[in-house]
Amino acid sequence: MSTFTTRRGSSQLVDTAKIQARGAFYVAEARVRIMLKWIWMILGIAIANPILYLISVGIGLGGLIDKSVGPAGVDGVKYLTFLAPALLAQAAIQGAMDETVYPTIEGFKWHKTFYSMNSTPLSGAQISIGVFLAAFLRTIYTVLLYFGVMWAFGALDSPKAWLAIPTAIFAGISFGALMQAVAAKLENENIFFVILGRFIMMPLFLFSGTFFPLSSMPFFLQWIGWVSPLWHATELGRSLTYGHAISATMMWVHFLVLLTMLVSGLYLSARIFTRRLTK
Amino acid sequence: MSESLISARGLTKKFGDFTAVDSIDFDVAKGESFGLLGPNGAGKSTVMRMIGATSQRNAGELTILGKDPEKNGPQIRAHLGVVPQQDNLDMQLSVTENLYIYGRYFGLPRKFVKGKIDELLTFAQLEEKRDAKVEALSGGMKRRLTIARALVSEPEILMLDEPTTGLDPQARHILWDRLFRLKEQGVTLVITTHFMDEAEQLCDRLIVMDKGKIMAEGSPTSLIKDFSTKEVLEVRFGSDRNQEVADKLRSMCERIEELPDRVLMYTEDGEALLEKIYASALHPKTSLVRRSSLEDVFLRLTGRTLIE
């Protein structure tokens with residue numbers, strides 16, 4: 001009953017050149033399939049997150065600030081206009097991180113699925129890039145949803161507000177790529193999650209010029225902003241959306257810092273994936 | 001020997017100071033069912049990972065399907081079906097989805113994979129579980145799914161690392177039956193096991209490994225013939241007396257092995273030997289006559305049992 005009637009054999013069926021060209025997309029396809037299992041939770045968070053922030057920080061805190069210092073109080077604009085690029089970038093970073101860090105630890109440790117991928121013609125680098133591509137996709141729709149909620153709340157007055165979308169996505173994938181490389185190196189993820197949550201994500205969120213200009217921080221705390229993708233993306237976003245004044249040089253610096261994080265993250269991740277899989 | 005699909009010469013793998021595989025030579029012919037038998041830690045899995053082109057050798061030559069795994073890993077893996085020691089299925093996906101994504105990793109067209117899935121589910125007797133989450137499957141079912149998954153690309157060589165370890169006897173027999181069918185269809189099998197009955201059932205030819213070295217090579221029958229007698233008489237005198245009577249027993253047959261709980265006596269005729277023992281006023285508490293197995297071969301070669 002269960003004989004394979006028309007066995008053609010892998011030499012007929014498998015096209016290695018094709019896999020070499022598209023392998024990363026096959027991995028991304030599988031990642032998206034898994035993402036779809038959680039899609040309601042992911043979308044729920046992606047929508048509830050901005051709603052909560054807009055109500056508490058935007059309307060609550062923003063209302064208070066705008067009332068006491070006037071509508072042009074923070075950086076010359078309404079508080080929510082000032083805040084929007086930062087919140088978008090923060091959401092992008094969170095989404096990208098969830099979709100790079102967890103799948104990477106799962107693939108190497110929890111379910112060892114990367115080892116099964118690597119027993120096919122897929123290479124370590126392709127697996128690494130595939131995971132990243134799926135995270136890229138999640139970052140895009142997380143940011144778009146966030147933006148949609150802001151729009152629905154009437155939180156966007158600048159006609160150029162949409163320009164914060166690409167800067168936010170840029171921040172997300174840069175940090176995501178870097179964290180993917182870190183996650184691939186991990187042997188003990190429990191300690192990592194404690195450090196990541198309390199000593200990396202929290203300070204980055206609070207000290208990256210998110211809620212107030214970085215310059216209002218004491219100088220010895222400003223370095224957190226300088227190393228933070230959130231600050232660089234937020235500065236770019238503010239400059240593009242409402243003309244927050246920064247020099248052309250600084251524009252380049254922000255852009256290049258994010259680009260460096262992205263490229264080095266991708267490179268390191270591919271390298272670490274390959275090494276760990278062939279150990 | 002016909003065309004050899006896998007060929008190893010002086011194959012060596014080291015992890016730091018530890019030599020896991022110590023300069024071994026072997027060939028696997030097309031359509032053959034080749035076994036690596038040995039205890040845990042013998043180096044079997046390391047050999048499998050080198051053949052699987054995911055772990056690189058430190059010395060020696062290794063050719064798989066005419067290619068060097070160091071240079072042509074993906075090209076070799078394109079024609080292998082790998083069943084690792086530990087199932088690494090995607091727990092978050094269903095049975096069908098696991099087969100589907102794996103087929104996609106081989107770049108197989110969606111339509112082909114979808115058609116193939118039904119065939120594989122029948123083969124693995126998992127038709128009724130097609131939409132079940134993998135997490136909910138029994139150990140035997142997971143194992144069969146892992147094997148089915150490895151077959152999605154119709155590989156030239158199917159590699160099975162301890163395929164039935166941890167399964168109950170019934171699940172093992174179902175699996176053996178499935179593997180036997182594959183063999184009949186001309187798929188080359190490479191199997192590691194520390195179960196001698198598995199090796200006897202499935203392998204045309206095998207190497208016996210211990211501490212990274214090959215101790216012997218041949219078909220199960222020829223190994224038994226070369227390294228053991230036709231029959232074995234197992235006698236138990238109670239753990240404190242086994243030693244006491246060992247010298248007497250030794251003189252009665254070709255060879256004996258003293259194990260902690262029993263004495264194995266190697267002979268051409270077990271019943272006759274047992275009568276001789278009774279005649280010399282020795283009364284074993286229990287006795288059993290059986291045919292020699294690969295376990296006896298291993299014991300002879302290494303002085304140790306396979307499962308310790």
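**Chains A and B, question by question**

Student: In chain A, what share of the contacts between residues at least 6 apart in sequence join residues at least 24 apart?
Tutor: Keep in mind that this is a predicted model. Chain A has 11 helices and zero strands. Take its contacts between residues at least 6 apart in sequence, then pick out those joining residues at least 24 apart: the share is 81%.

Student: And what percentage of chain A is buried?
Tutor: Buried here takes 20 or more other C-beta atoms within 10 Å of a residue's own. Chain A has 279 residues, and the buried ones make up 46%.

Student: Which element of chain B gives the most to the side that touches chain A?
Tutor: Start with the contact itself: 34 residues of chain B meet 37 residues of chain A. On the chain B side, the elements giving two or more residues are α2 (73-77), α3 (95-105) and α4 (110-123). With five residues, the top contributor is α3(B).

Student: Which strands are at the edges of the open sheet in chain B?
Tutor: Six strands line up as β5-β6-β7-β3-β8-β9, with mixed pairing. An edge strand pairs on one side only, and that picks out β5 (80-83) and β9 (213-218) of chain B.

Terms used. Residues are numbered from 1 along each chain as its sequence is written. Chains are lettered from A and ligands numbered from 1 in the order in which they are written. This is a predicted model: local features need pLDDT of at least 70, side-chain atom pairs count only at pLDDT 80 or more; totals for chains, interfaces and linings use all residues. Helices (H or I, at least four residues) and strands (E, at least two) are DSSP runs, numbered from the N terminus. A residue is buried if 20 or more other C-beta atoms lie within 10 Å of its own, exposed if 12 or fewer, and partly exposed in between; C-beta atoms are placed from the backbone. Two residues are in contact if their C-beta atoms, placed from the backbone, lie within 7 Å. Two strands pair if DSSP finds at least two bridges between them.
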